[in-house]
Amino acid sequence: MIRFEQVGKVYPDGTAAVRDLSFEVAEGELVTLVGPSGCGKTTTMMMVNRLIEPTSGRIFVEGRDISGVDPVALRRRMGYVIQDVGLFPHRTVLDNTATVPALIGWKRARARARAAELLDLVGLDPAAYGPRYPAQLSGGQRQRVGVARALAADPPVLLMDEPFGAVDPVVRERLQNEFLKLQAAMRKTVLMVTHDIEEAVRMGDRIAVYGEGHIEQYDSPAAVLGAPATPYVARFVGADRGLKRLSVTAVEPADLEEPPVASTDEPARDAAARMRAEGARWAVVLNSGGELHGWVSADALAGAGEGSSVGDFASRMEAWVPLGSPLKQAFSEMLQHDAGWVAVLDEAREARFLGVLTPAKLHEALRRSVDADAQGIGRDEVDFDSVSDA
Ligand SMILES: Nc1ncnc2c1ncn2[C@@H]1O[C@H](COP(=O)(O)OP(=O)(O)O)[C@@H](O)[C@H]1O
Ligand SMILES: [Mg+2]
């Protein structure tokens with residue numbers, strides 16, 4: 001959907017902001033660009049909608065080299081969300097949200113109806129908030145309006161530059177979760193910039209970790225955390241201190257997430273309805289004996305006919321660990337099965353399914369463990385291969 005081929009950008013003053021960027025974002029994928037300030041994330045993003053032109057290399061969007069695409073037409077295919085939103089202060093929330101549809105010539109009534117629909121989608125009652133002005137909203141609410149506005153013309157691509165950077169941590173986590181729920185339903189192709197590794201891990205299907213002006217590693221969250229490609233990445237994600245701790249930190253009940261669970265013999269339509277209600281992209285599938293069978297995606301179930309059962313659509317997945325096993329084992333299961341999560345089972349009770357561990361939760365557990373370890377561990381003691389070799 002978006003492809004960078006050896007892209008470089010040198011600003012007129014000689015600053016080489018990025019060099020030799022090559023990566024691809026698949027349709028429906030959410031990719032986070034993460035790295036310290038000044039490493040070239042915003043430059044990368046602004047080259048996608050041609051607010052900045054590369055000085056070398058090529059960028060393709062939907063299969064076309066964008067240097068030959070009219071920038072205005074290009075931007076119509078892309079919602080753009082930035083920190084501090086950039087709402088028009090003298091326009092109401094409803095009119096702000098309707099900006100793009102109005103620009104591209106929708107009739108006023110249709111544009112406003114669409115805006116109201118979007119406000120509702122991001123959790124703002126259009127009747128209450130639509131007539132207000134941006135200054136009459138909290139920071140979190142303004143950010144929601146920014147997302148609604150970016151989605152208003154239903155673009156296939158969403159560019160988000162530190163979208164939740166300006167709000168406090170509690171609101172940020174709520175916005176992140178709301179956005180993930182939305183994304184589960186919309187499946188936009190999303191490029192999201194952040195300097196926060198926690199946010200990158202929580203949000204990203206894949207993560208591009210930036211060093212100065214280039215990508216150090218482009219990989220799944222589990223691989224970035226569990227098998228950092230370079231010492232720089234290990235240091236950036238906090239794994240340089242953490243990897244040693246992985247083998248001595250146990251998976252605890254508090255680390256688990258509880259996605260929807262379906263049974264192989266359950267009617268597919270029932271499971272699909274439950275997942276839709278929860279905004280879930282996938283569910284864990286257990287067999288009729290309650291043992292782990294695998295998983296099923298909401299997409300796979302969407303076309304399920306009368307009389308079919310979940311088992312007809314489920315994929316096998318055997319990444320699991322017993323409760324209490326070391327984090328290192330969970331990481332290595334994830335990497336070995338190329339899985340986005342591992343199931344956690346209670347071995348003492350006939351391998352009962354307890355929940356799943358996601359990379360984000362693994363990372364939290366890792367951090368907790370590192371923080372608890374007042375001693376810390378010297379850089380030279382770190383064995384970077386300790387996880388992938390497990
Ligand atoms: N218009 C510009 N002219 C010159 N240098 C710039 C310009 N914009 C950004 N830079 C420089 O390019 C580098 C990358 O910036 P940027 O892409 O904004 O990084 P990030 O978003 O990761 O913080 C930085 O060194 C920054 O100072
Ligand atoms: Mg930036």
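The model is a predicted one, in which local features need pLDDT of at least 70 and side-chain atom pairs count only at pLDDT 80 or more, while totals for chains, interfaces and linings use all residues. Residues are numbered from 1 along each chain as its sequence is written, with chains lettered from A and ligands numbered from 1 in the order in which they are written.

With the C-alpha trace displayed, the principal axes span about 65 × 60 × 40 Å, and the secondary structure comes to 16 helices and 17 strands (DSSP runs numbered from the N terminus, helices being H or I with at least four residues and strands E with at least two).

Next, colour by pLDDT, the predictor's confidence in each residue from 0 to 100: the chain averages 86, and 92% of the residues score at least 70. Now select residues 374–390, where the pLDDT is below 50, although this stretch has 28 contacts in the model beyond near neighbours in sequence (a contact means C-beta atoms, placed from the backbone, within 7 Å).

Turn to ligand 1 and select the residues that surround it, among them Tyr11, Asp13, Lys41 and Thr42, a residue being near when its C-beta atom, placed from the backbone, lies within 6 Å. Helix 1 (residues 41–48) gives the largest share of this shell, three residues.

Move on to helix 5 (residues 108–121), whose 14 residues should span 20 Å at 1.5 Å a residue, in agreement with end C-alpha atoms 20 Å apart; the expected span is 1.5 Å times one less than the number of residues. Ala111, Arg114, Ala115, Ala116, Leu118 and Leu119 are buried here (20 or more other C-beta atoms within 10 Å of a residue's own; exposed means 12 or fewer, partly exposed in between, with C-beta atoms placed from the backbone). These buried residues pack against helix 3 (93–97), helix 4 (99–103), helix 6 (126–129) and helix 7 (139–151). After helix 5 comes Gly123, with a positive phi near 90°.

Finally, centre on Asp265, in the loop between strand 11 (261–263) and helix 13 (268–278). Asp265 counts as exposed because it has 10 C-beta neighbours inside 10 Å, and it touches Ser288, Ser309 and Gly311, leaving aside residues up to four places away in sequence.

Methods. Two residues are in contact if their C-beta atoms, placed from the backbone, lie within 7 Å.
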